[in-house]
Amino acid sequence: MVTNTRHHSLIAWQRADDLFIKLHLLSLKHFPLIEKFELGSQLRRAAYSVPANIVEGFARRSRRSRLHFLNIAESSLAEAGYCIHAAYRLGYVSEERRDELEKDIKGVGAPLAGLVRSTRTDLTLSALGVVFLFIAVAWFAA
């Protein structure tokens with residue numbers, strides 16, 4: 001197993017990884033059999049997509065590409081949240097379990113939003129640096 005890659009130290013990835021395992025097992029053990037291939041499958045895919053897209057984003061060299069994958073991770077987290085909401089409304093999870101899972105989802109969402117914000121800021125600063133470089137070159141050339 002590969003360890004100590006850039007994403008392993010990220011709180012967002014660690015929490016997303018834990019959430020995926022929790023939601024995967026929940027859907028297999030507590031959903032009705034028919035839902036293991038419908039709502040349960042969708043929940044597992046959405047939950048898997050969060051840490052997987054963080055990993056893929058941090059494997060990218062460009063900030064723009066990294067931001068793209070972090071945005072997908074955020075969207076997948078929102079989708080997993082909706083799956084939990086639907087599972088609660090259908091009676092597959094208790095109110096207490098739903099509240100616990102929503103807390104876990106927020107626990108992933110906060111550091112993930114911070115990564116998005118940081119990456120977006122880095123991208124903006126990088127673009128401003130290029131603009132200032134062109135201005136400086138034009139000024140010195142004049």
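## A buried arginine without a salt bridge

In this predicted model, Arg44 is buried but takes part in no salt bridge. The nearest side chain of opposite charge belongs to Glu35, 8.9 Å away.

Arg44 belongs to helix 2, which spans residues 39-59. Beyond its neighbours within four places in sequence, Arg44 contacts Phe20, His24, Ser27, Leu28 and Lys36.

## The chain as a whole

The protein chain contains 4 helices and 0 strands, giving the pattern α-α-α-α along the sequence. Of its 142 residues, 36% are buried. Among contacts with a separation of 6 or more, 72% join residues 24 or more positions apart. The accessible surface is about 8900 Å², and carbon and sulfur atoms account for 60% of it.

## Salt bridges

Side chains of opposite charge can pair when their charged atoms come close. The chain has 6 salt bridges. One of them joins Asp104 and Lys22, with an N to O distance of 2.6 Å. Asp104 lies in helix 4 (residues 95-141) and Lys22 in helix 1 (residues 11-30), so this pair ties together parts 82 residues apart in sequence. Asp104 is partly exposed at 24% relative accessibility, and Lys22 is partly exposed at 33%.

Arg98, buried at 16% relative accessibility, forms salt bridges with Asp99 at 2.9 Å and with Glu102 at 4.0 Å. Arg98 and Glu102 are 4 residues apart in helix 4, a separation of about one helical turn. Through shared partners, salt bridges join Glu95, Arg98, Asp99 and Glu102 into one network.

Technical notes. Residues are numbered from 1 along each chain as its sequence is written. This is a predicted model: local features need pLDDT of at least 70, side-chain atom pairs count only at pLDDT 80 or more; totals for chains, interfaces and linings use all residues. Side-chain values use heavy atoms; hydrogens and water are left out. Helices (H or I, at least four residues) and strands (E, at least two) are DSSP runs, numbered from the N terminus. Buried means under 20% relative accessible area, exposed over 50%, partly exposed in between (1.4 Å probe, protein chains only). Lys and Arg count as positive and Asp and Glu as negative; His and the chain ends are not counted. Contact means heavy atoms within 4.5 Å. Accessible areas come from the Shrake-Rupley method with a 1.4 Å probe; for residues, only the protein chains shown count as cover.
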